[in-house]
Amino acid sequence: MLASGQKGSAQMTANPDPRHSHPYVGMWITRDGHVRHELLANGRYDEARGSRESAYRGRYEVTGDHIEYWDDTGFTADGDFIDGVLHHGGMILYRDGKAPAR
C-alpha cells in the first residue's frame with residue numbers, strides 16, 4: 001500500500017483513520033466465502049481459509065493495481081485488482097464478499 005508520495009513502500013501515513021488509507025484496504029472474500037483475505041492499513045495482511053483463522057499472515061505492497069505479498073514464513077505471491085475484483089493465486093476475491101449476481 002502506498003501512502004501519498006511514497007514509492008515502493010507499504011508504509012501508511014501517520015493517520016491511522018481507515019478513511020485516509022489506500023482504497024484496496026479491507027476485506028476481500030471468495031464467492032463461496034472459503035477464503036477471507038484482509039488487507040490491513042498498516043501494510044500487513046491476514047488470510048483465513050475455511051475454519052482456519054489467520055492461515056497466512058505477512059506484508060504486502062500495492063503498486064498501481066498490482067499487489068505483492070510476502071508471507072511471514074517466506075512464501076511470496078502476487079495478484080492484480082481488475083475492475084474492483086482481486087485476482088490472486090487462481091482465486092477471485094470480492095470486496096467484503098459482494099460478488100456480482102450471477
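Guide: Start with Ile-92. Its relative accessible area is 38%, so Ile-92 is partly exposed. That value lies between the cut-offs of 20% for buried and 50% for exposed. Bear in mind that this is a predicted model.

Now place the residue. Ile-92 belongs to strand 8, which covers residues 91-95. In sequence, 61 residues separate Ile-92 and Arg-31. In space, their C-alpha atoms are 7.7 Å apart.

The chain has eight strands and zero helices. Along the sequence the pattern reads β-β-β-β-β-β-β-β. The chain has 102 residues, and 38% of them count as buried.

Next, the charge pairs. As a general point, side chains of opposite charge can pair when their charged atoms come close. A search of the whole structure turns up five salt bridges.

Take Arg-36 and Glu-53. Their side chains form a salt bridge, with 3.1 Å from N to O. This pair connects distant parts of the chain. Arg-36 is in strand 2 (residues 35-39), Glu-53 is in strand 4, and they are 17 residues apart. Glu-53 has a relative accessible area of 56%, so it counts as exposed.

Glu-47 and Arg-49 make another salt bridge. Their closest N and O atoms are 2.7 Å apart. The two partners differ in cover. Glu-47 is buried, because its relative accessibility is 3%. Arg-49 is partly exposed, at 30%.

Then look at Arg-59 and Glu-61. They too form a salt bridge, the closest N and O atoms lying 3.3 Å apart. The side chains of Glu-61 and Arg-59 are also joined by a polar contact of 3.3 Å. Glu-61 sits in strand 4, which spans residues 52-63. Its relative accessibility is 17%, so Glu-61 counts as buried. The cut-off for buried is under 20%. Arg-59 reaches 36% and is partly exposed.

With 26% relative accessibility, Ser-54 is partly exposed.

Asp-83 shows a positive phi of about 50° as well, and is not a glycine either. Its setting is a loop, the one between strand 6 and strand 7 (85-88). Asp-83 counts as exposed, because its relative accessibility is 78%.

Strand 6 brings us to the last stop. The strand covers residues 76-82 and holds Asp-78. Asp-78 has a relative accessible area of 38%, so it is partly exposed. Asp-78 also belongs to a negative surface patch. Asp-65, Glu-68 and Asp-80 are the other members of that patch.

We passed through salt bridges, among them the pair Arg-36 and Glu-53. We ended at the negative patch that includes Asp-78.

Key: Residues are numbered from 1 along each chain as its sequence is written. This is a predicted model: local features need pLDDT of at least 70, side-chain atom pairs count only at pLDDT 80 or more; totals for chains, interfaces and linings use all residues. Side-chain values use heavy atoms; hydrogens and water are left out. Patches are made of residues with over 30% relative accessible area and no salt bridge: like charges are joined within 9 Å, nonpolar side chains (Val, Leu, Ile, Met, Phe, Trp, Tyr) within 5 Å. Accessible areas come from the Shrake-Rupley method with a 1.4 Å probe; for residues, only the protein chains shown count as cover. A salt bridge is a side-chain nitrogen of Lys or Arg within 4 Å of a carboxyl oxygen of Asp or Glu. Lys and Arg count as positive and Asp and Glu as negative; His and the chain ends are not counted. The place of a charge is taken as NZ of Lys, CZ of Arg, CG of Asp or CD of Glu. Helices (H or I, at least four residues) and strands (E, at least two) are DSSP runs, numbered from the N terminus. Buried means under 20% relative accessible area, exposed over 50%, partly exposed in between (1.4 Å probe, protein chains only). A polar contact is a pair of N or O atoms within 3.5 Å; within protein, one must be able to donate a hydrogen and the other to accept it, and residues adjacent in sequence count only if both atoms are side-chain atoms.
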